[in-house]
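Hi everyone, thanks for coming. Please have a look at the structure on the screen, and I'll walk you through a few spots.

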Amino acid sequence: MSAVADTPPVAPPRKGLLSPTNLRRWENFKANRRGYWSLWIFLVIFVLSLCAELIANDRPIIASYKGEILFPVVVDYPEEKFGGFLATTDYRSDFIAEEIEANGWMIWPPIRYSYGTTNSNIPHSAPTAPFWLMSKEERCAGYPGGAADPNCNLSNLNWLGTDDQARDVLARVIYGFRISVLFGLALTICSAVVGVTAGAVQGYFGGWTDLLMQRFIEIWSSMPVLYILLIIASILPPGFWILLGIMLLFSWVGFVGVVRAEFLRARNFEYVRAARALGVGNATIMYRHLLPNAMVATLTFLPFILSGSITTLTSLDFLGFGMPPGSPSLGELIAQGKENLQAPWLGLTAFVVMSLMLSLLIFVGEATRDAFDPRKTFR
């Protein structure tokens, strides 16, 4: 008895951030090497696009002027601070650049163009080809000093050329990629919230609730979505949030069927009946007991919905019913490629970026589907 009493108690195993089931799912996800590396590549590109102002901008990241440290990338300083008279400072102008360099210094981003900056030193009429397709004398022909001009450097050259308005294509691609992904994420999340809620209510309550909502969804989904989007977008003023609200009217329907089927299947399980017998409310049962099972199919569906949302935004921008004019957009770049066949770098750039982005998302979706496959998760 004394030996048993002297035995120290065994500490319970520490719980990790993930449950054993989710750990097996993560291992299955990593086993799909194509999807695993696609996720990391996509995340790296997306994080870099979130820092687009630090990569491509027509303002210095940081500057020192007469002993004062300035942050033009985040603060809009008036030009009178540097001896000018305009309300907005053009840091690319020779007067401002010489004034700041004479009284301090500037640190520029790698690309000295924002998505709307016009390059006034292009060698010929826009669109212009990428600088590496031209000789040094040709690409510097638009500068006062020619090839010897100090401003004809890598930061001021156009790596992917310019569009038909002399705007840097690479800068517009970086900003356009960010807008496309953020729009797709916002639309996917909002659609998931609305669609999962509607499918949960249908599947859990059933009866007339399910019948009426299902008939409404059938009528709603039978409408010509693209034509309605074009009509509404042509009436309302263009904008990010207005376009998001318009597309949300129809994008949530895709989640309803998946969630409804899961709730219909699980609502009569014994643990759900036991929860009802104990007096647990319907909202608690739906949220804590049924929703986790339904989220497995929903999470598998998310990457494909995200890619579809990005494609829809690109299509509307291509047709001229998307983002406001002047906004960085991959669809607008595709339209420019169609109108300027003599500038193949426009269409090729848009095609490569869209293909890369959608391919990465599809590969991530395939790996997610493998991760949540019960035949692999519970082996």
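Let's start with a term: a polar contact is a pair of N or O atoms within 3.5 Å, where within protein one must be able to donate a hydrogen and the other to accept it, and residues adjacent in sequence count only if both atoms are side-chain atoms. Also, helices (H or I, at least four residues) are DSSP runs, numbered from the N terminus.

This is a predicted model, so to speak of local features we need pLDDT of at least 70, side-chain atom pairs count only at pLDDT 80 or more, and totals for chains, interfaces and linings use all residues. Residues are numbered from 1 along each chain as its sequence is written, and side-chain values use heavy atoms, with hydrogens and water left out.

Okay, helix 14. Where it starts, a side-chain oxygen of Ser329 comes to within 3.2 Å of the backbone nitrogen of Gly331. Which residues of helix 14 are buried, meaning under 20% relative accessible area? In residues 330-339, they're Leu330, Gly331, Leu333, Ala335, Gln336 and Gly337. Their cover includes helix 7 (169-205), helix 13 (282-319) and helix 15 (344-371).

Next, Glu53, which sits in helix 4 (residues 52-55). Glu53 is partly exposed, at 28% relative accessible area; that label runs between the buried cut-off and exposed, which is over 50% (1.4 Å probe, protein chains only). Beyond its neighbours within four places in sequence, Glu53 is in contact (heavy atoms within 4.5 Å) with Val73, Pro109, Tyr175 and Arg178. Tyr115 is 62 residues away along the chain, yet its C-alpha atom is 9.8 Å from that of Glu53.

Technical notes
Helices (H or I, at least four residues) and strands (E, at least two) are DSSP runs, numbered from the N terminus.
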